[in-house]
Amino acid sequence: MRMRRKPNLTSRTEKCAHLLIEDPKTLRGRWLDEYNAHSEFCVNELHVELGCGKGQFTVETAKNEPDVLLVALEKISNVLVIALERTEQEQLQNVRYVNKLADYLDEYFADDEVNRIYINFCDPWPANRHKKRRLTGETFLNLYKKVLHSGGEIHFKTDNLPLFEFSLEEFERCGFAVSEVTRNLHEHGPVGVMTDYEKKFHDQGMPINRCVAVVK
């Protein structure tokens, strides 16, 4: 079932057009240089979020890290427009959005250009025949290794335990060092910035799994 197009989607998106990168290929290899050349505030790291949804995590993370340029990808325009409007409302300068899939990440970012990748509550694709579509599977991990510099990090959170266990194995198998592994992140109270989904899951008492995978 297709999601119905939001009313005034085009006009709402156009109001936030300065935050949306229509052709990220044109910035490949020079995201930080381009940003710093046109901003009064300098950033020194490039972080990427895959599947930012409505942008709750994006906005709060960018507010907490003003010296970082956060580029958030989201394929669904109906959802992305809310993230754009949230960012505009907060008057954040260090966020950019890309309305595209993660499949071609190496066309948007050069080798060793990215310091950190966030993957929050991605589609688990539970059927074994679909495991190549999982954002924490070998196909995507090899893509991330190209754009992440040595020591670059993947921060991964999910409510899906089978996906989490699969991901831990894939990280190790693909040459990442895994740390900060927890299967109940908020057991003793909220930790870090939550996504919209995460807050809902936490309120329902569902445990959140998290880890950090580092390029060796």
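This is a predicted model: local features need pLDDT of at least 70, side-chain atom pairs count only at pLDDT 80 or more; totals for chains, interfaces and linings use all residues.
Trainee: Why is H155 called buried?

Mentor: Its relative accessible area is 12%. Buried means under 20%, so H155 is buried.

Trainee: What makes the link between the side chains of H155 and E153 a polar contact?

Mentor: The pair lies at 2.8 Å, and the cut-off is within 3.5 Å for N or O atoms, one able to donate a hydrogen and the other to accept it.

Trainee: How many cavities of 30 Å³ or more does the search of the whole structure find?

Mentor: The search finds 1, and the largest cavity holds about 30 Å³ of space. Its lining consists of H47, T61, A62, E65, V68, L70, N94 and Y118. By class these are 4 nonpolar, 3 polar and 1 charged. Helix α3 (56-64) and strand β2 (68-73) each supply at least two lining residues.

Trainee: Which residues of helix α6 are buried?

Mentor: In α6, residues 138-147, they are F140, L141, L143, Y144 and V147.

Trainee: Why are they said to be on the same side of α6?

Mentor: Because they cover an arc of only 160° around the axis. The elements that cover these buried residues include β1 (45-50), β4 (114-120), β5 and α7 (161-173).

Conventions
Residues are numbered from 1 along each chain as its sequence is written. Side-chain values use heavy atoms; hydrogens and water are left out. Buried means under 20% relative accessible area, exposed over 50%, partly exposed in between (1.4 Å probe, protein chains only). On a 1 Å grid over the protein atoms alone, a cavity is a set of points where a 1.4 Å probe fits but cannot get out, and a pocket is an open set with protein on both sides within 12 Å along at least five of seven lines; lining residues have an atom within 4 Å of a point. Grid points are joined across faces, edges and corners, and a volume is the space filled by probe spheres set on the points. Helices (H or I, at least four residues) and strands (E, at least two) are DSSP runs, numbered from the N terminus. Ala, Val, Leu, Ile, Met, Phe, Trp, Tyr, Cys and Pro count as nonpolar, Asp, Glu, Lys and Arg as charged, and the others, Gly among them, as polar. The arc is that of the directions from the helix axis to the C-beta atoms. Contact means heavy atoms within 4.5 Å.
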